[in-house]
Amino acid sequence: MSTRTIRPGRPAKKAGSLKGLLFFFLLGIVLFYLLKDDPPSVLKPAAPYIAEKYQEGQVATEQEFDTFSEAKTYLGDDRGAVKRTEDDRYLYLTGPGIGIVDEGGTLNIYQDESLKKRLTYVASGSRLTLRDFGPDVSRIEIAGVRGFVASDRLTLYPLERSTNRSFYERTGDTLRHYIVANAGLGGWITVGRAPKDISKRTTDYVEVTTLTKDLRKPTPLSAKELDAFIKNNAPDSPLIGTGKTFKKVERDFDINAAYFLAHAIHESNYGRSTIAREKFNLFGVNATDIAPGQNATAYKSLDDSIRKTGQFIARDYLATDGKYHRGPFLGNKAKGMNVFYASDPYWSEKIAGILYKMDAF
């Protein structure tokens, strides 16, 4: 009987052991790169300030500086500007530019550098032509007025960096104004009949004759014609039928009915604005920039708003002894009603455009 020798077999290889070694090898490589010191950067961090010098409307040179005073000194009397690197905000200009009124409410414009005698005011978002910049007070111009403002209320831009600017444009006999502004104040508007000497396009301020018309004189338009204008332009307007009221106010208070209707149309969107619907306020009386709906005066009816506001404007704005009298016409920010009635620098132009469409003068 033969016997069979039983030899022990080779132990089976464990595949998992090789995978484990590979895992720890790769993990070691990853940890090595994560924990080793980073090589020093070859890029130097940007300096806090950048000075720009301009020539022929273009940026000629740029130089970085560690301090604001060094950047200013570098500019000297050359045309240029200094901006902050972290947010690209311009802090200093050596020539003309644009100043945007910040969101801190209306900005007062003064006659003198001491900011004592107020000339008028403008809304936040308005873009002022900056004639001379100073660290405390700057000399500006907008909508016909020249004066001084507090510099810390302005966001600055040199003209060389301002690609979108307001301008007037002549189209046939009509003058249009492209207004660049923030806070909903901008856009295309029709101003009126273009002056004969106006060029095709200009960034200079233009004053149409409608802005100087005496608003104490009656309009030749009848009550029916006023109502027809409303109906043709806004068939759903609650102002349809108020032509008689506007003409009565014209007779009682010596206030041009066409102007007064155009005023209501502009302020209330043909009587369809929230303030007009909830408070019967057609003219924006006491509708301050901060809280227009809350502060606006409430009236009993549309006729009540037309009559009381007509009396108020005739007394305080058009009468020569009126509290806010600066001339019995729409005017601009230097003269007329726009000086103190509205913070919108071009409020008067927007009403003048409606009168032009009415053919009221």
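Predicted model: local features only at pLDDT ≥ 70, side-chain atom pairs only at ≥ 80, totals over all residues.
Residues are numbered from 1 along each chain as its sequence is written. Local features need pLDDT of at least 70, side-chain atom pairs count only at pLDDT 80 or more, totals for chains, interfaces and linings use all residues, and side-chain values use heavy atoms, with hydrogens and water left out.

Select Tyr 259 and Phe 260. The structure holds 18 aromatic pairs, where rings of Phe, Tyr and Trp (its six-membered ring) pair if their centres lie within 6.5 Å; planes under 30 degrees apart count as stacked, over 60 as edge-to-face and the rest as tilted. Tyr 259 and Phe 260 have ring centres 6.1 Å apart and planes at 35°, so they are tilted. Tyr 259 is buried at 0% relative accessible area, and Phe 260 is buried at 0% too (buried means under 20%, exposed over 50%, partly exposed in between; 1.4 Å probe, protein chains only).

Next, select Tyr 121, which belongs to one aromatic cluster with Phe 312, Tyr 317, Tyr 324, Phe 340, Tyr 341 and Trp 347. Lys 333 lies over the face of Tyr 121, 4.5 Å from the ring centre. A charge sits over a ring if NZ of Lys or CZ of Arg is within 6 Å of the ring centre and within 35 degrees of the ring normal. Arg 176 has its charged end over the ring of Trp 188, 4.2 Å from the centre.

Now go to residues 137-142, strand 9. (Strands are DSSP runs of E, at least two residues, numbered from the N terminus; two strands pair if DSSP finds at least two bridges between them.) Strand 9 is antiparallel to strand 8 over three bridges, and Leu 130 stands opposite Ile 140.

Methods
Helix = DSSP H or I, 4+ residues; strand = E, 2+ residues; numbered from the N terminus.
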